[in-house]
Amino acid sequence: MSKDLLCLQGVNTFIGQSHILQGVDLRVPEGHITALLGRNGAGKTTTLRSIMGLWRVRSGQIVFDGARLEALPTHEIAARGLGYVPEHRAIFRDLSVYENLQIAERKRGDLERALPNLYALFPDLKRFEARAGRHLSGGQQQMLAIARAMVAENRLLLVDEPSEGLAPIIVGAIVDALRQLKQHMTVLLVEQNFRMAAALADYYCILDEGRVVQAGDMAELVVDSALTARLLGAV
Amino acid sequence: MTQIFRMWMAKQRATVVTLLIVALAVMALFARFEAKVAVSVLLSGLTLGAIYFLVSSGLSLIFGLMDVLNFAHGLLFMAGAYLGYAFYASGFGQALDSNLRFAIAILVGGASGALLGAIMEWALIRPLYKRPIYQVLLTLGLTFVGTEIIKAIWGTIGYFMNIPAFFNANTPNCPSPSLFDFLSDHCSSILILGRPFPSYRLFVILFGVLAFAGMMILLQKTRIGIIIRAGVQDAEMVQALGVNVRRVFTGVFALGTGLAGMGGVIAAPIIGVNLAMGQEFLLQGFIAVVIGGMGSLVGATAGALLLGLARAIGDQLVLGGLQLPWMEQAISLSLSIARASTVLIMALVLLLRPSGLFGKKD
């Protein structure tokens with residue numbers, strides 16, 4: 001296994017009075033895709049939001065490339081090289097596709113440098129460059145959300161449920177895009193669709209009731225149908 | 001073709017409705033009064049609308065981005081007027097040419113509004129972002145405290161700020177026969193369809209138009225504008241893209257309150273500088289924002305324009321009485337009814353379209 005780019009140790013997060021993450025330990029090796037799996041309500045989205053500082057961590061450590069993140073404000077965490085593709089995409093509906101990408105620029109020239117790549121990866125975005133986000137289809141919005149996280153020079157991408165609510169053919173396009181991404185980025189992927197996660201990820205980590213219950217190589221999990229059925233339900 | 005028209009209508013419905021209301025008001029005005037009176041009333045409405053815009057645009061931006069109902073906005077409008085006046089009447093100000101003195105007074109009003117707004121957001125409102133009720137109480141409380149401070153410094157009497165010399169000549173050639181002539185004789189009024197209209201009020205309209213254009217350019221054509229528009233929709237996501245949203249919040253708050261402060265100085269030669277001006281314009285500003293739709297700059301502009309026109313038409317009806325075709329005698333109206341007309345418009349808009357003409361937020 002290569003060096004860990006992101007490491008969570010004993011992370012506890014509360015939302016109101018609810019203790020959601022109960023001592024999560026997680027390692028994300030550099031240059032690979034790690035899938036964060038689990039049933040609904042297991043704490044997957046909370047884990048990503050805690051990493052981004054959108055939920056404050058009550059205790060534990062989040063270390064990214066050797067530096068602690070848990071006390072930093074969200075914008076500083078992002079500036080360290082973390083891109084976030086949230087559940088439900090969160091694209092800016094009244095902004096054009098181009099403006100949605102422009103806002104993600106952290107250094108002058110980021111967008112100019114990234115644009116040819118992004119348009120090659122998602123040709124629809126070039127075609128609808130001037131169209132407002134709200135007029136895009138679900139698949140195009142997902143592509144825009146992923147592209148937006150790739151504008152700045154991020155080293156780690158946190159992707160939350162990219163296949164949610166999308167038609168199978170669009171899911172295929174998203175899988176292709178994420179596969180290409182893997183060549184120059186580390187990805188922590190939250191995905192309910194086990195087939196998609198299995199097709200993409202090198203490693204996995206299963207959460208249950210706010211705790212990590214299993215982690216390892218995806219290749220091993222794929223062949224262990226009894227384990228997947230026990231931990232993830234029918235897949 | 002029909003499909004395209006339908007899509008265009010769906011997109012531009014609010015603009016079409018606003019233009020329709022304005023067109024109806026203008027037609028009614030021209031039907032009831034002589035053309036020269038109607039134009040004069042129209043321009044008075046636009047003057048008031050421009051001042052309302054300077055208050056409502058900031059209120060709307062602040063609510064749109066931060067969900068803060070800033071009840072202290074009227075205080076900052078008033079504080080801008082008082083501080084601008086303080087400079088205008090100071091020894092340093094008196095030594096300057098009246099035009100330059102007035103221009104600097106506008107900058108002083110704007111800068112003091114922006115500075116006070118930034119301090120208020122940073123020190124007092126920021127800790128209360130998750131407690132909207134507390135924000136309302138705080139900003140209301142600040143209004144009372146601020147008004148008392150102004151009272152302690154400047155007393156309870158009002159002040160009058162002279163119209164700068166550029167708009168205040170009274171030579172035998174006055175009023176100026178046209179706008180073109182005004183540029184050389186600087187008369188206090190200009191003949192419009194044979195009826196004199198104060199030239200300073202035309203400047204107020206121009207100032208409002210320029211402020212609107214500046215805000216639109218800022219919001220549509222600059223990176224900070226994109227950030228503000230995105231922040232209005234989803235501030236959390238903007239933050240997750242590496243933008244320091246807190247700093248943007250402070251900047252927008254300062255921009256909004258700065259415009260209000262400037263508006264106070266701009267309004268001073270018309271309404272004077274007094275302790276009631278803050279409350280009066282805050283109320284009208286809020287009504288304009290509610291009519292236009294919370295969080296929309298175009299909506300705030302439309303709301304301000306409609307309110308200005310309603311007030312001007314109402315005031316004219318107070319002077320001339322309301323004469324309907326079946327009446328032998330015109331009904332005389334009180335000034336309070338003219339004032340209430342703006343609230344009636346708001347009630348009507350809320351009944352028909354609760355989120356306002358251009359609003360997306362409830």
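1. Helices (H or I, at least four residues) and strands (E, at least two) are DSSP runs, numbered from the N terminus. β1(A) and β2(A) run antiparallel and are joined by 9 bridges. A:Thr13 has A:Leu21 as its bridge partner in β2(A).

2. This is a predicted model: local features need pLDDT of at least 70, side-chain atom pairs count only at pLDDT 80 or more, and totals for chains, interfaces and linings use all residues. Residues are numbered from 1 along each chain as its sequence is written, chains are lettered from A and ligands numbered from 1 in the order in which they are written, and side-chain values use heavy atoms, with hydrogens and water left out.

3. The open sheet has 4 strands in the order β2-β1-β4-β5 (chain A), with antiparallel pairing. Two strands pair if DSSP finds at least two bridges between them. β2 (18–29) and β5 (67–68) of chain A are the edge strands, each pairing on one side only. β1 (residues 4–15) and β4 (residues 57–64) of chain A pair over 6 bridges. A:Gln61 in β4(A) is the bridge partner of A:Gln9. Helix α1 (residues 44–51) of chain A packs on the sheet and touches β1, β2 and β4 of chain A.

4. A:Asn12 is found in strand β1 of chain A. A:Asn12 counts as buried because its relative accessibility is 16%. Buried means under 20% relative accessible area, exposed over 50%, partly exposed in between (1.4 Å probe, protein chains only). Beyond its neighbours within four places in sequence, A:Asn12 is in contact with residues including A:His19, A:Leu21 and A:Val57 (contact means heavy atoms within 4.5 Å).

5. Over all chains, the structure holds 18 salt bridges. A salt bridge is a side-chain nitrogen of Lys or Arg within 4 Å of a carboxyl oxygen of Asp or Glu. A:Arg113 meets A:Asp110 in one (3.6 Å, N to O). A:Asp110 is buried at 3%, while A:Arg113 is partly exposed at 41%. A:Arg113 also meets A:Glu153 (3.6 Å, N to O). A:Glu153 lies in the loop between α6 (138–150) and β7 (156–160) of chain A and A:Arg113 in helix α4 of chain A, so this pair ties together parts 40 residues apart in sequence.

6. A:Glu70 and A:Arg68 form another salt bridge, with the closest N and O atoms 2.5 Å apart. A:Glu70 is buried at 14% relative accessible area. A:Arg68 is partly exposed at 45%.

How values were computed. Axes are lines fitted to C-alpha atoms, for helices over the stretch in contact, and angles run from 0 to 180 degrees between N-to-C directions.
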